[in-house]
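Please read them beside the sequence and the coordinates.

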Amino acid sequence: MDLFDRISDDIKKAMLARDAQRLDSLRGVKKEFLEAKTAKGSDGTLTDEKAVQILAKMIKQRKESAEIYQQQNRPELAENELAQAAIIEEYMPKQLTDEELTARLTEIIARVGATSPKEMGKVMGVASKELAGQAEGRAISAKVKELLS
């Protein structure tokens, strides 16, 4: 079952369970998926890879919003955003641990043949594609910078 179908099924379950928070979060995800499916230039399908990219973007947005709410002393709104992010994260692939990330990046660096921080762009291009959804871009970037210096 692909992510789109899984989200649709879970929306029905959330309705039956009367879980408003989960229902709201999943409806937002489904809306984004439908927009991606019907976007100009789209062939009407949504691959799981594209769906994971959308989910990662949504999680990042929720966390950034929560951070802003915290700064503005609105903890109830921040809590809501973080709860939505947690629900969306359930549909993401398993995140890499720090050791796994280091191992994968070391392998990518060796494969690309990068030896200095100047070649970070080459490594990031490959790493971003291969590790999409498994680690945050910020974490990948920081680790690549650390490994190349």
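1. N73 sits in the loop between helix 3 and helix 4 (75–89), where helices are DSSP runs of H or I with at least four residues, strands are runs of E with at least two, and both are numbered from the N terminus. Its phi is near 60°, a positive value in a residue other than glycine. N73 is exposed, with a relative accessible area of 64% (exposed means over 50%, buried under 20% and partly exposed in between, with a 1.4 Å probe and protein chains only).

2. On the basis of these notes: this is a predicted model, in which local features need pLDDT of at least 70 and side-chain atom pairs count only at pLDDT 80 or more, while totals for chains, interfaces and linings use all residues. Residues are numbered from 1 along each chain as its sequence is written, and side-chain values use heavy atoms, with hydrogens and water left out.

3. R18, in the loop between helix 1 (3–17) and helix 2 (20–38), also deserves a look. R18 has a positive phi of about 55° although it is not a glycine, and it is exposed, with a relative accessible area of 76%.

4. As for the overall fold, the protein has seven helices and zero strands, and its C-alpha atoms fill a box of roughly 55 × 45 × 30 Å along the principal axes. Buried residues make up 32% of the 149 residues. Among contacts (heavy atoms within 4.5 Å) with a separation of 6 or more, 60% are accounted for by residues 24 or more positions apart.

5. E119 is placed in the loop between helix 5 (98–112) and helix 6 (120–130). Leaving aside residues up to four places away in sequence, E119 touches G113, A114 and L148. The C-alpha atoms of E119 and L131, which are 12 residues apart along the chain, are separated by 18 Å.

6. The largest pocket has a volume of about 600 Å³, this being the space filled by probe spheres set on grid points that are joined across faces, edges and corners. Of the 21 residues lining this pocket, A56, K60, A135, E136 and G137 are the closest to its centre (a pocket is an open set of points on a 1 Å grid over the protein atoms alone where a 1.4 Å probe fits, with protein on both sides within 12 Å along at least five of seven lines, and lining residues have an atom within 4 Å of a point). Helix 3 (48–71), helix 6 and helix 7 (137–148) are the elements that give two or more residues to the lining, and helix 3 gives the most, with eight residues.
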